[in-house]
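Q: I would like to go through a two-chain model feature by feature. Please give the general idea each time, then the case at hand.

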Amino acid sequence: MAVNTRILKPEFEYFVPKSLQEALQLIVQYGPEAKVIAGGTDLLVQMKQEVISPKYLINIMKIPEMQFIKKEKDWLRIGAATKWNEIVDFCAKNDKYTALYEASHSLGKIQVRNMGTIGGNLCTASPAADSAPAILALNGRVKLACLGRERTLDLEDFFKGVNVTALAPNEIMTEIQIPSIQKGTGSAFLKITRVGADISKISCAVAVERQGEICTSCQIVLGAVAPVPLKLKDANKTIGGKHVDSSLLDEVGRKVSEGIKPITDIRSTADYRRQVAAVLFKDVFWMAWKRAGEGE
Amino acid sequence: MNKKVVNFTVNGEPHEVLVETNTLLLHVLRDELGLTGTKYSCGTGQCGSCTVLVNGEPILSCIFLAVAAEGADIVTIEGLSAPDGTLESVQEAFLDFGAIQCGFCTPGLVLMAKDLLNKNPNPSETEIREHIKGNLCRCTGYVSIVRAIKSCSK
């Protein structure tokens with residue numbers, strides 16, 4: 001079937017709320033036929049292809065309280081409607097958030113980073129979303145609001161499947177929170193793509209805590225290898241508390257390959273993803289490990 | 001019918017247009033304002049041909065709602081040259097270095113080059129390639145494009 005990409009066929013009513021309260025009221029009023037739009041880099045493409053045809057679009061990009069980056073004592077807080085290029089600029093000046101920097105800097109292309117937002121990337125819930133492995137490895141959480149109530153959820157519990165999240169129909173993601181970076185820790189992110197600005201075949205983020213040559217704790221997360229970005233708990237457990245050397249990493253690499261659930265699709269084969277997962281993990285681990293050592 | 005009035009400036013000139021909510025900025029520029037320098041190519045935000053500057057930053061007009069441009073300051077490729085038609089130095093460089101083959105990707109690439117040089121007047125080849133990686137040239141004339149941009153560095 002030929003796919004239209006010229007025009008946007010679905011017709012919809014369009015709202016530009018000035019406050020979160022107003023946006024939450026609109027989403028309750030119009031229910032499941034309404035969609036929140038931020039940068040639109042995923043949503044409008046899906047609408048062009050008529051994968052979805054919402055009757056109401058609620059643009060949240062004119063809500064100042066949803067666009068901020070605040071570095072506090074215990075948390076880095078990022079408004080859900082913050083554009084990627086602002087996050088790239090922030091991370092360039094705050095060099096400890098290396099995994100987040102590498103993920104945000106490699107996401108899409110400059111034009112997409114000028115439009116797309118951190119909340120949008122997470123709420124689309126693509127298994128290949130570049131920001132998800134980095135935020136998961138850094139133990140991030142998200143704040144979801146509905147009228148009169150808000151809740152905080154570990155990002156790990158937010159993803160439920162391909163394009164499926166824990167977000168209720170009356171909720172909007174308002175904020176992403178990442179714990180402050182401690183001394184003796186390091187993180188990194190890498191992805192493999194076919195061409196420069198492309199969706200990941202496979203991606204990996206690692207965050208480690210280091211004491212000398214002992215890895216006291218490790219978070220390994222892979223993207224595009226399962227219906228949701230995957231935290232590899234078994235591999236994390238294997239490495240935690242051990243003296244780090246290349247034979248340990250070979251063992252963990254095998255666990256990473258075994259722990260993922262890749263499929264064969266237009267970007268790659270399941271076999272390739274399994275093979276490259278172990279190699280990619282090791283590369284990312286050594287980057288994170290070295291950085292953790294530099295802080296000591 | 002879901003129509004809205006939208007106000008914005010394009011290349012310094014104020015415009016007020018009445019658009020359907022599902023109209024994309026690309027089509028307003030091309031069909032309503034006759035600014036056909038901005039190209040429709042992939043339509044799904046992959047190729048960069050439809051790049052324009054909104055409030056000084058490059059975006060993809062094929063996946064940007066016209067209604068979302070309310071109040072914006074937009075610059076298209078037509079806005080780079082002087083009113084008398086004198087080309088911007090980066091446009092001249094594209095001509096000098098043979099960085100144009102079929103020309104379809106050129107408006108987007110020139111705007112990305114201009115954006116880069118505004119932010120970083122002396123970019124390295126790596127920085128140039130990184131900046132234009134989202135703009136596809138199917139004639140694959142990247143070497144000349146990179147050389148043209150490099151020649152404009154201060």
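A: Domain bounds come from an automatic or database domain assignment. For chain A the assignment gives domain 1 (13-59), domain 2 (64-179) and domain 3 (185-294). The model is predicted: local features need pLDDT of at least 70, side-chain atom pairs count only at pLDDT 80 or more, and totals for chains, interfaces and linings use all residues. Residues are numbered from 1 along each chain as its sequence is written, with chains lettered from A and ligands numbered from 1 in the order in which they are written.

Q: What separates the centres of domain 1 and domain 3 of chain A?

A: Taken over C-alpha atoms, the separation is 35 Å.

Q: Into which domains is chain B divided?

A: Chain B has domain 1 (3-79) and domain 2 (89-151), with 21 Å between their centres over C-alpha atoms. Two residues are in contact if their C-beta atoms, placed from the backbone, lie within 7 Å. The contact between these domains takes 13 residues from domain 1 of chain B and 11 residues from domain 2 of chain B. Helices (H or I, at least four residues) and strands (E, at least two) are DSSP runs, numbered from the N terminus. Strand β3 (residues 51-54) of chain B gives the most to the domain 1 side, with 3 residues.

Q: How is the contact between chain A and chain B read?

A: It takes 22 residues from chain A and 24 residues from chain B. On the chain A side, β1 (13-15), α2 (43-48) and α5 (110-115) each supply at least two residues, and the largest share, 5 residues, comes from α5(A). For classes, Ala, Val, Leu, Ile, Met, Phe, Trp, Tyr, Cys and Pro count as nonpolar, Asp, Glu, Lys and Arg as charged, and the others, Gly among them, as polar. The side of chain A that touches chain B divides into 10 nonpolar, 7 polar and 5 charged residues.

Q: Which residues of helix α2 (residues 89-96) of chain B are buried?

A: A residue is buried if 20 or more other C-beta atoms lie within 10 Å of its own, exposed if 12 or fewer, and partly exposed in between. In α2(B) the buried residues are B:V90, B:Q91, B:A93 and B:F94. They line one face of the helix, because seen down the axis they fall within an arc of 160°, the arc being that of the directions from the helix axis to the C-beta atoms. An α-helix has 3.6 residues a turn, so residues three or four places apart point the same way. The face turned away from the buried side of α2(B) carries the exposed residues B:S89 and B:L95. Cover for the buried residues includes α3 (106-119) and α5 (142-151) of chain B.

Q: How is a strand pair read?

A: Two strands pair if DSSP finds at least two bridges between them. Strands β1 (residues 3-10) and β2 (residues 13-20) of chain B run antiparallel and are joined by 8 bridges. B:T9 stands opposite B:P14 in β2(B). The two strands form a hairpin with 2 residues between them, and B:N11 in the turn has a positive phi of about 50°.

Q: Where is B:A69 placed, and what does B:A69 touch?

A: B:A69 is in the loop between β4 (57-60) and β5 (73-75) of chain B. B:A69 counts as buried because it has 27 C-beta neighbours inside 10 Å. Not counting residues up to four places away in sequence, B:A69 touches B:V6, B:F8, B:L25, B:V54, B:F64 and B:I74.
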